[in-house]
Amino acid sequence: TRTPARGVESSVTARVGQMEDQPYGSLSWAITLRRELRERGTTLEAALRVGTSTDAAPIQKLFLLGGRHTLPGYPYRSFIGNQMALLRIAAGQTVLAPWLKVHIFGATGWTGFTRSGLPDAGWLRRSTDGVKNSAGLGLDLGWDLLRFDVGRGLNDGGDWEFVFSVQRRFWEWL
């Protein structure tokens, strides 16, 4: 389901399934609040995602965080759990409309398990072991179509990361 409210986008996803005779389920919720101050050329955005799944959920149905679009500055999808929370906040300022906008962003995320952890000890991913944070800045070009970000993971294991991306509404075409 999606919300029709202006400046607010929210969705809820519920999944029920069975793998190798083991039933499982998951529930996730995402909300994005966006405010454009056109007279100032400023954009403010906050996005929150939370999710949980049953202890019996298979590994491929667990939540993954790390890297682009989640926690920049950490290895891509390096954190896993059957519970997850991610908050991203960004502020953008138009420099040369509509060609150039600069923005800053911050992210904080967490993954964890309600059970003792991953069943396979050889799995390379782990939970966040507390909250992980990222911050960075970037450029949007051509009506925000192209985006260049530089972010840094602020906790242990964090590093610099450069991310190039295309506006989300075009992802289906790529």
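Gly 136 has Gly 151 of E9 as its bridge partner. This is a predicted model, where local features need pLDDT of at least 70, side-chain atom pairs count only at pLDDT 80 or more, and totals for chains, interfaces and linings use all residues. Residues are numbered from 1 along each chain as its sequence is written, and side-chain values use heavy atoms, without hydrogens or water.

E8 and E9 run antiparallel, joined by eight bridges. Strands (E, at least two residues) are DSSP runs numbered from the N terminus, and two of them pair if DSSP finds at least two bridges between them. Four residues separate E8 from E9 in a hairpin. Gly 142, in that turn, has a positive phi of about 55°.

E9 also pairs with E10 (residues 160-166), antiparallel, through seven bridges. Here the hairpin has six residues between its strands, and Gly 157 in the turn shows a positive phi of about 90°.

Now take Asp 149. Asp 149 lies in E9 (residues 146-153) and stands opposite Val 163 in E10. Its relative accessible area is 9%, so Asp 149 is buried (under 20%; exposed is over 50%, partly exposed in between; 1.4 Å probe, protein chains only). The side chain of Asp 149 makes a polar contact of 3.1 Å with that of Arg 147 (N or O atoms within 3.5 Å, one able to donate a hydrogen and the other to accept it; residues adjacent in sequence count only if both atoms are side-chain atoms).

Leu 139 sits in E8 (residues 132-141). Leu 139 counts as partly exposed because its relative accessibility is 36%.
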